[in-house]
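Have the structure open as you read.

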Amino acid sequence: MSTRFRSHAAIFAANLIYGANFSIAKIAMPHYIRPAGFILLRVGFALLLFRIVEWATRTGSPVERKDHWRFFLLGLFGVAINQSLFFEGLSRTSNINAALIMTTTPILVMIAASLIIGERITTRRVVGVASGITGAAGLILLGVKASGNASWLGDTMVFTNAVSYAIYMVMAKPMMRKYHPWAVIRWTFFYGFLLVIPLGLKDVASIEWSTFTTPVWLSTVYVILFTTFFAYLLNTYGLQHLSPSVVSFYIYFQPLFATGISLLIAQETVSWIQAGACVLIFLGVYLVAGPVRRKPEVA
């Protein structure tokens, strides 16, 4: 099994986890755990797990003093802003609006990668992103029932979260060439944890643990262990070997997974529109996952 295949499989699995998370997280949030408190819990426990694995595998390495500022920015964009604004924005707008806005992420990553690390925006990738966003938007509009009221503030928060995640994806790539992925993700979560403490400490203190039922406990464990620890681990592995544009494109699989789970549970048949949307998403993956080209350096 080639490294490239394993990288694609890792990103595919991470987005499968993310796709299931939307339904599972709502079992515990916001009735039992407020969004800011949930973020602090997931970042804190994930940081502990990453540190344990780094210690057990002996992959820790000294970090140059100048790079701590870069890790701080990764924690800011990849953890604090990314996670906080998504949950807060989702609570202020409709789920359809949030899902559609998140489909802009690969476009934002492609632009950021071009500006920051010189990835070329090729016609092939533009067509691939267009194909993917069309398929994903079709699945979202067809299969998701609206909940919540759309608002300008909520939409802006979700879009800012997408911009923040795009910046994180691109900034993390050069650091992974310099340091072991475990070190990159551990320091990212270390600074992210420091940033979310003041946001979520009050909500964590107000959690009434004695009221948790078994489904709530399972939901909490899933969000902390799978959505945070394993998903970030899988994304980090994929980002080590694939371009940020390719990694970000897999977000289009999330509505595909959500639709598949819904059809499985409800025992519904697949419509031609849904089948066509799936074809567009897979066509987009094929086009975007082509070879990475960089802009030639100017002498």
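The bend at a residue is the angle between two axes, one fitted to the seven residues ending there and the other to the seven starting there. Helices and strands are DSSP runs numbered from the N terminus, with a helix (H or I) needing at least four residues and a strand (E) at least two. With that in hand, look at α9: there is a kink of about 30° in this helix, centred on Tyr 222.

A word on where all this comes from. This is a predicted model, in which local features need pLDDT of at least 70 and side-chain atom pairs count only at pLDDT 80 or more, while totals for chains, interfaces and linings use all residues. Residues are numbered from 1 along each chain as its sequence is written, and side-chain values use heavy atoms, with hydrogens and water left out.

**Overall picture**

The protein has 12 helices and 0 strands. Of its 299 residues, 51% are buried; here buried means under 20% relative accessible area, exposed means over 50%, and partly exposed is in between (1.4 Å probe, protein chains only). Contact means heavy atoms within 4.5 Å. Among contacts with a separation of 6 or more, 92% are between residues 24 or more positions apart.

The protein averages 79, and 80% of the residues score at least 70. Confidence is highest in α8, at a mean of 91, and lowest in helix α11 (residues 253-266), at 63. Over residues 294-299 the pLDDT is below 50, and this stretch has 9 contacts in the model beyond near neighbours in sequence.

The expected span of a helix is 1.5 Å times one less than its number of residues. Helix α3 (residues 67-90) has 24 residues and reaches 33 Å from first C-alpha to last, close to the 34 Å expected. It also has a kink of about 35°, centred on Leu 76. α9 has 28 residues and spans 39 Å, close to an expected 40 Å.

Thr 236 is found in α9 (residues 214-241). Is this residue buried or exposed? Thr 236 is buried, at a relative accessible area of 5%. Not counting residues up to four places away in sequence, Thr 236 touches Met 176, Pro 181 and Ile 185. Thr 213, in the loop between α8 and α9, is partly exposed at 35%. Thr 213 and Ala 28 are 185 residues apart in sequence, with their C-alpha atoms 9.4 Å apart in space.

**The core**

A nonpolar core is a set of buried Ala, Val, Leu, Ile, Met, Phe, Trp, Tyr and Cys residues joined through side-chain atoms within 4.5 Å. The largest one here has 75 residues, and those with the most contacts inside it are Phe 50, Phe 71, Tyr 168 and Phe 189. Helix α7 (residues 152-178) gives the largest share of this core, 10 residues. Take Phe 189: leaving aside neighbours within four places in sequence, its contacts are Val 43, Ala 46, Leu 47, Phe 50, Val 79, Thr 228 and Tyr 232.

**Salt bridges**

Side chains of opposite charge can pair when their charged atoms come close. A salt bridge here is a side-chain nitrogen of Lys or Arg within 4 Å of a carboxyl oxygen of Asp or Glu. The structure holds 6 salt bridges, including these:

| Pair | N to O distance |
|---|---|
| Arg 186 and Glu 54 | 2.7 Å |
| Lys 178 and Glu 64 | 3.4 Å |
| Asp 67 and Arg 70 | 2.6 Å |

The Arg 186 pair links distant parts of the chain, with Arg 186 in helix α8 (residues 181-205) and Glu 54 in helix α2 (residues 35-57), 132 residues apart. Arg 186 is buried at 15% relative accessible area, and Glu 54 is buried at 1%.

Lys 178 in helix α7 and Glu 64 in the loop between α2 and α3 are 114 residues apart. Lys 178 is partly exposed at 39%, and Glu 64 is partly exposed, also at 39%.

Asp 67 and Arg 70 lie 3 residues apart in helix α3, so about one helical turn separates them. Asp 67 is buried at 1%, whereas Arg 70 is partly exposed at 36%. Salt bridges that share partners join Glu 64, Lys 66, Asp 67, Arg 70 and Lys 178 into one network.

Technical notes:
pLDDT = per-residue confidence, 0-100.
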